[in-house]
Amino acid sequence: MNDPIPPLKPPNIQVELAKERNRAAAERTLMAWIRTNLSLIGFGFGIDRVVAAIENFKAVQDLNPVRFSRILGLAFIALGTYAMVFAAIEHHQELHRIQRQEEYFYIPRRSLGLTVAIALVCIGVFAFVGILVKAIF
């Protein structure tokens, strides 16, 4: 005859609650990244708008427009966009890992925060050197 279907094992409430806490922590982390990246993008747009206003003012005085600040603004927008995409990918992967495994294991990976921090240091050094060179010459 046909083999009877074994009854489903009831879920372990402690494991399910731990998974829910991990999901909530992943959501909070994603929201923090969204706030940070929106600030970076907004800062980049702000720099660009200030430069555009300065260019309009300088056009009346017949001076050369400043291009460096526009590049700096675009760098902040690019960094914010890059970090937003990778934060969303990392969040999606984290949710899949929580969902698939009976026991949730921590897997060390490259830090997105460290990557963004290094990029901000590079942008800061680039801006500092550019302003210093412009002030000297």
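Visitor: How many residues apart are Tyr82 and Phe86 in helix α2, and what does that spacing amount to?
Guide: This is a predicted model. Tyr82 and Phe86 sit four residues apart in helix α2, so about one helical turn separates them.

Visitor: How many aromatic pairs are there?
Guide: The count is two. Take Phe43 and Phe76 to begin with. Their ring centres are 5.0 Å apart and their planes meet at 85°. Planes over 60 degrees apart count as edge-to-face, so this pair is edge-to-face.

Visitor: Which helices hold Phe43 and Phe76?
Guide: Phe43 belongs to α1 and Phe76 to α2, so the pair ties together parts 33 residues apart in sequence.

Visitor: Is Phe76 buried or exposed?
Guide: Buried means under 20% relative accessible area. Phe76 has 12%, so it counts as buried. Phe43, at 47%, counts as partly exposed.

Visitor: What is the geometry of the pair Tyr82 and Phe86?
Guide: That pair is tilted. The centres are 4.7 Å apart, with 50° between the planes.

Visitor: Which residues line the second largest pocket?
Guide: A lining residue has an atom within 4 Å of a pocket point. Tyr82 and Phe86 are among them here, as are Ile89, Glu90 and Gln93. The lining also includes Arg109, Arg110, Ser111, Leu112 and Thr115. Two elements give two or more residues each: α2 (68–100) and α3 (112–136). Helix α2 gives the most, with five residues.

Visitor: How much space lies in the second largest pocket, and what classes of residue make up its lining?
Guide: The space is about 200 Å³. The lining has four nonpolar, three polar and three charged residues.

Visitor: How many salt bridges does the structure hold?
Guide: Look for a side-chain nitrogen of Lys or Arg within 4 Å of a carboxyl oxygen of Asp or Glu. The structure holds two such bridges. One joins Arg23 to Glu20, with the closest N and O atoms 3.1 Å apart. These two residues are three apart in helix α1 (residues 13–61), so they are separated by about one helical turn.

Visitor: Which side chains meet in the other salt bridge, and at what N to O distance?
Guide: Glu94 and Arg97 meet there, at 3.1 Å from N to O. Both lie in helix α2, three residues apart, about one turn of the helix.

Visitor: Are Glu94 and Arg97 buried or exposed?
Guide: Both are buried. In the bridge with Arg23, Glu20 is partly exposed, with a relative accessible area of 45%.

Notes. Residues numbered from 1 in each chain as written. Predicted model: local features only at pLDDT ≥ 70, side-chain atom pairs only at ≥ 80, totals over all residues. Heavy atoms only, no water. 1 Å grid on protein atoms, 1.4 Å probe; cavity = no way out; pocket = protein on both sides within 12 Å on 5 of 7 lines; lining within 4 Å. Points joined across faces, edges and corners; volume = space filled by probe spheres on them. Nonpolar A, V, L, I, M, F, W, Y, C, P; charged D, E, K, R; others polar. Buried < 20%, exposed > 50% of the residue type's maximum accessible area, 1.4 Å probe, protein only. Phe/Tyr/Trp six-rings, centres within 6.5 Å; stacked < 30°, edge-to-face > 60°.
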